[in-house]
Amino acid sequence: MAAKSARRVRWRRYWDRHSKTYDREMRFFDRVLFRDTRSWICRQVTGEVFEVAVGTGLNLEHYPPDVRLTGIELSQEMLAIARRRADDLGRHVEFRVGDAQTLDFPSNTFDTVVCTFSLCAIPDYREALAEMTRVLRPGGVLLLADHVASSVRALRASQRVLELVTIPVGGEHFLRRPIEHVRATGFRIEGHDRFAAGVVERLRARKPAV
Ligand SMILES: C[S@@+](CC[C@H](N)C(=O)[O-])C[C@H]1O[C@@H](n2cnc3c(N)ncnc32)[C@H](O)[C@@H]1O
């Protein structure tokens, strides 16, 4: 428990520090690697929408105007930028500081749960997915996008080497594939896209209706 909370403090500080440069770096990757993923994800949401690890709110401009948005984020500094962005867009969002691994919401609350480019950074991504599943109502939709283990063996080997540095330094994982876990926990995959040598994966999955 103490180790878990020390780890949370460490990554919170890490993301607080990175908040200043995050948008510039991420916009570059959005352009060269992730393509239209933010709009692909956001145009599929409906109803009561929950975004996990919302970061600086780069998805906000892509959501339809008629959905109600709630977002949580570990880093106060990232969230401060997201709040400013929401204000600039004239968008009401219920923001909270929180940990994706222990969500402070009742079960079966949201119609749609979104998480983009964060399961690579959340220490226990299975625990985070279990929490997303819990707060999603039966029959609700889970929308995920991330960089994942490549489908090309040589590239996967490079990702393995890269992780030797990125996990200890920045908590960044390159070999995860959330879709496998989502499928194994009974979700029906309704939409799926994988590109850039299999490094980018985005999916739409439906929670069983009970
Ligand atoms: C690469 S950024 C992605 C941000 C945003 N989702 C996006 O698409 O631009 C990863 C984010 O995950 C957040 N994060 C990491 N661990 C977390 C946790 N346990 N709970 C909530 N957020 C977390 C970080 O603070 C950071 O803002």
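**Fold and core of a predicted chain**

Reader: In what order do the elements of the chain run from the N terminus on?

Author: This is a predicted model, in which local features need pLDDT of at least 70, side-chain atom pairs count only at pLDDT 80 or more, and totals for chains, interfaces and linings use all residues. Residues are numbered from 1 along each chain as its sequence is written. Helices (H or I, at least four residues) and strands (E, at least two) are DSSP runs, numbered from the N terminus. The chain has six helices and seven strands, and their order is α-α-β-β-α-β-β-α-β-α-α-β-β.

Reader: Why does the radius of gyration of the chain agree with a compact globule?

Author: The radius is taken over C-alpha atoms, and the globule rule is 2.2 Å times the number of residues to the power 0.38. For 210 residues a compact globule would have a value near 17 Å, which agrees with that of the chain, 16 Å.

Reader: With which residues is valine 52 in contact, leaving aside its neighbours within four places in sequence?

Author: Val52 is among the residues with the most contacts inside the largest core. Contact requires C-beta atoms, placed from the backbone, within 7 Å. The partners of valine 52, apart from neighbours within four places in sequence, are Ile72, Ala100, Val113, Cys115, Ser118, Ala128 and Met132.

Methods
A nonpolar core is a set of buried Ala, Val, Leu, Ile, Met, Phe, Trp, Tyr and Cys residues joined through C-beta atoms within 7 Å. A residue is buried if 20 or more other C-beta atoms lie within 10 Å of its own, exposed if 12 or fewer, and partly exposed in between; C-beta atoms are placed from the backbone. Two residues are in contact if their C-beta atoms, placed from the backbone, lie within 7 Å.
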